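Here are some friendly notes to go with the model. Please keep the structure open beside you as you read.

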Amino acid sequence: MWADSESKVDYLNYSEVSEMICDLVSDDAMLPISLGVYGTWGVGKSSILQLVGTQLEAEERNLVVLFDAWLYQDFEEAKSALMTVIAKAIYEAAPDSLKDKAANFYRRVNKLKVLGMAVDVGALFAGIPTMGMFTRAAGSAGDMWEGTADEDDVSAVREATTEAGKKASGLLKPKEKRNAPEEIIAFRKEFSDLLGNLERRLVVFVDNLDRCLPANAIATLEAMRLFLFMPNTVFIVAADEDMIRLSVEKHFKDPGSQHITDYLDKLIQIPLRVPKLGLQEVRAYLFMLAATKSEVAAEKIEALRTYLIEKLRHSWSDAPPFDVNQAALHLGVATGHELRGTLETMDRLAGLLAHSKQVNGNPRIVKRLLNVVRMRGLVARRRGMALDESTIAKLALFERCTDESAIRALNALISAAPGGKAPIFLELEALGDAVAPDKLPKEWQKYPDFVSDWLKLHPPLGGTDLRPAVYLSKETMPVKMSPQRISAKTLKAIEVILKTATLSSLATKTAIREIDPAEVGEAMDEIIATMKRNPEWSKARDDFRGASLLATSDEIAHEKLVSFVTSLPSRPRWMKALMKDETADATGSGA
């Protein structure tokens, strides 16, 4: 099994991206700078940050700070969390001669957090007007903003806020007052002076931003503004650009595509996108995954990694691509060796994993798929099943790249066949390249290109008892392990579907067509979960109207909606009309 986490070892030639980032960071003429590492879930953004961090930490001048935005969600207000993490890192890095200044800065940030003023600092710097926080904390503002406040100051401010009839403006003499912009200037000046005295380059990694709820994602971006464009500072943000765009859109109430682009451009000066993996990158990744789980000596595995990275860096040229023979040669394994067989299996899988729409060369999906194959293979061996890992991998790939109805049809064909040897495989495999869509089972016809390529994948399934494979698919880890969320495109479609005013809504029909066929079932699950939060069914509802339109487009979505409707204690007439009373067949009654 392979750990489902980022790696500090480069298997995919990501070091070219990381080296480019390090070159930018190390050029003082480029500072201050903010960079975005963009890519969808699982493509390797965090791994690139790991590679960059390893390189930068080797130079003592760099003070690298990792801020995991998702880690702090639900525990601490996002703005104050980022401020605290940065202040703590500076304090810990400060020499004895600067400990007092670093402690004062840390104390300043901590008091802001205690008083709830960090929210206003970020908002004000972002140009968002706020009124209450600064004035209600005015009683101890002088000490606090000089970095000398203590717990008595905090208590005094808290008491001042609760004394009925007392106005904050009366707690200070006029000459002691500072307005909000002055407070921001004071904060940034102290930060700038401290960083200058440290003679360090502050590099802040902001990771997992796209896993956060929209409000937290935006709050973290706004907090970055406090530190952005200060001398010797670097911010590197790793995120799914589409998810961040969606967060901006939701937070600022449909600002328009140009405003969203402008917002991101102001925060991120240099966007870098994780390269999409091609066939050679996927093949190299699979070879390395196989090698790392073998008993081959570490130096031989490293020799293979170095060789593959070098080949990938010259893949643009006319140099011949690497193959199983070269990989086996570097690992020192001969024909007949178990690892050689695994490499051959990986080589056969590489094409479909690189080009299949539902995998698309995504390293994390590849790794998860291989973990399922490895788990099923272990179970098969323990139970004496005559099923090799290549067959398991082929069937697991079918599960990953199709939908529930196609998988059920596959399992039904196997279960109904004598000895589990479905004749359809012999028939389709005999056609070779000439497999027309109408020759496929109805449930497979949505995926003609994939099924055609899949049938040609070794080993052939005709004449093989596949009943153990059906058993394994039901009893072990499922292949349909979703990423941490539905895609941004599908989420936007769901928002439209939930606001369906009429059954003839063109916007809803267009949104439904935008949903990836593999995500239709998950989209319906999300819509049903939303509908469950509102138990009022006396009047026709937009969300149910949209759900019924989605149900007409997909069999699985239809089954999910029918199941939900039949679970309701009663169904009003308007609902029966929308569903055309199809629930009567499911329950024996249309009531």
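1. Let me start with Phe 425, which touches Leu 410, Ile 414, Trp 444, Trp 454, Leu 455, Leu 461, Gly 462 and Leu 466, leaving out residues up to four places away in sequence. Contact here means heavy atoms within 4.5 Å. Please bear in mind that this is a predicted model, where local features need pLDDT of at least 70 and side-chain atom pairs count only at pLDDT 80 or more, while totals for chains, interfaces and linings use all residues. Residues are numbered from 1 along each chain as its sequence is written, and side-chain values use heavy atoms, without hydrogens and water.

2. Buried means under 20% relative accessible area, exposed over 50%, and partly exposed in between (1.4 Å probe, protein chains only).

3. For the overall picture, the protein has 30 helices and 5 strands; these are DSSP runs numbered from the N terminus, with helices being H or I of at least four residues and strands E of at least two. Of its 591 residues, 51% count as buried. Among contacts between residues at least 6 apart in sequence, 75% join residues at least 24 apart.

4. Next, do look at helix H26 (residues 520–532) and helix H27 (residues 542–551), which pack at an angle of about 160° with their axes 10 Å apart. H26 is therefore roughly antiparallel to H27. Axes are lines fitted to C-alpha atoms, for helices over the stretch in contact, and angles run from 0 to 180 degrees between N-to-C directions. Angles under 35 degrees count as roughly parallel, over 145 as roughly antiparallel, 65 to 115 as roughly perpendicular and the rest as oblique. On the H26 side, Val 520, Ala 523, Met 524, Ile 527 and Met 531 meet Asp 543, Phe 544, Ala 547, Leu 550 and Ala 551 of H27.

5. H27 also packs with helix H28 (residues 555–567): their axes come within 8 Å and cross at roughly 140°, so this pair is oblique. Phe 544, Ala 547, Ser 548, Leu 550 and Ala 551 of H27 make this contact with Ala 557, His 558, Leu 561 and Val 565 of H28.

6. How many residues of H27 are buried? The count is 9 of its 10 residues. These buried residues pack against helix H24 (488–497), helix H25 (506–514), H26, H28 and helix H29 (573–579).

7. Two single residues deserve a look. Ser 405 lies in helix H20 (residues 404–416) and counts as buried at 6% relative accessibility. Beyond its neighbours within four places in sequence, Ser 405 is in contact with Glu 443, Lys 446, Glu 555 and Ile 556.

8. Pro 231 sits in the loop between helix H11 (214–227) and strand E4 (233–239), and is partly exposed at 45%. Pro 231 and Leu 31 are 200 residues apart in sequence, yet 6.8 Å apart in space, C-alpha to C-alpha.
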